[in-house]
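Hi everyone, thanks for having me. I'll walk you through one protein today, so please have a look at the screen.

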Amino acid sequence: MEQPGLGLEPSRGGQQSPAHELIPQTPNLSRLRDAAAGCRACDLYKTGTQTVFGAGAEHASVMFVGEQPGDREDIEGKPFVGPAGRLLDEALEEAGIDRTRVYITNAVKHFKWKPQGKRRLHQKPNAAEISACRPWLDSEIALVKPRILVLLGATAAQALLGRDFRVSLQRGQFIERPGLPLMMATVHPSSILRAPDDESREIEMQAFVQDLKRLAQRVKGS
Ligand code: URA
Ligand code: SF4
């Protein structure tokens, strides 16, 4: 079934997610957010506190796509507000990009975790969860209509560019695909936080900022 009113291509990749049924007939971002709050299209709603929907400027020219909310995001209900979000803020600022003028979301909208002592340890979402959640992302893209999609890390990049895509080989390049905005994949801010020492963290941060500066140039120039 086509999603009504959004002019989207039928979702790539096989089976329809039950989330399709929840997309409002005449969607806007706030209706979409309300609908996503009740999503049970995969099992992650059972252990996540809430659906963490995208946030930001309604008609942003740039949309960032992360992997899934983390521990802080799960509690606060907003994307990129924890440690990875602070690093993203810092990099955006260095690149001269105003966070209030972009839209930020995730490929998967519930936090997937397993207990480790008193902590909740992040777990990577699998292909079934990513595709179950895809209608929400597709709808956000269709409504915000960004000129450029920035894919943060392998999960977001492979969700939109296919399983063979390697961020390490193609980061920072602009990529065109039919039916989608222009895309750029880069590293996930968490990977920078995980750098083994200060020096490599600084190097990785600068490379990330470089990618974001190229993005800012492209947005300005086109
Ligand atoms: N990591 C993500 O991919 N998304 C968030 O919202 C937070 C951390
Ligand atoms: Fe629905 Fe996505 Fe949450 Fe799964 S992760 S229940 S598909 S919103």
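I'll start with the overall fold, then zoom in on one residue, and finish with a ligand.

Quick ground rules: this is a predicted model, where local features need pLDDT of at least 70, side-chain atom pairs count only at pLDDT 80 or more, and totals for chains, interfaces and linings use all residues. Residues are numbered from 1 along each chain as its sequence is written, chains are lettered from A and ligands numbered from 1 in the order in which they are written, and side-chain values use heavy atoms, with hydrogens and water left out.

So, the fold. The protein chain has 8 helices and 8 strands (DSSP runs, H or I of at least four residues for helices, E of at least two for strands, numbered from the N terminus). Its C-alpha atoms fill a box of roughly 50 × 50 × 35 Å along the principal axes. Of the 222 residues, 49% are buried, meaning under 20% relative accessible area with a 1.4 Å probe, protein chains only.

Now, Val187. Where is Val187? In the loop between β8 (182-186) and α7 (189-193). Val187 counts as buried because its relative accessibility is 17%. Leaving out residues up to four places away in sequence, Val187 touches Leu152, Gly153, Val167, Arg171, Ile192 and Phe208 (contact is heavy atoms within 4.5 Å). Ala154 is 33 residues from Val187 in sequence, yet their C-alphas are 7.5 Å apart.

Last, ligand 2. The residues around ligand 2, with a heavy atom within 4 Å of it, include Cys39, Tyr45, His110 and Trp136. That's my tour, thanks!

Definitions and conventions. Buried means under 20% relative accessible area, exposed over 50%, partly exposed in between (1.4 Å probe, protein chains only).
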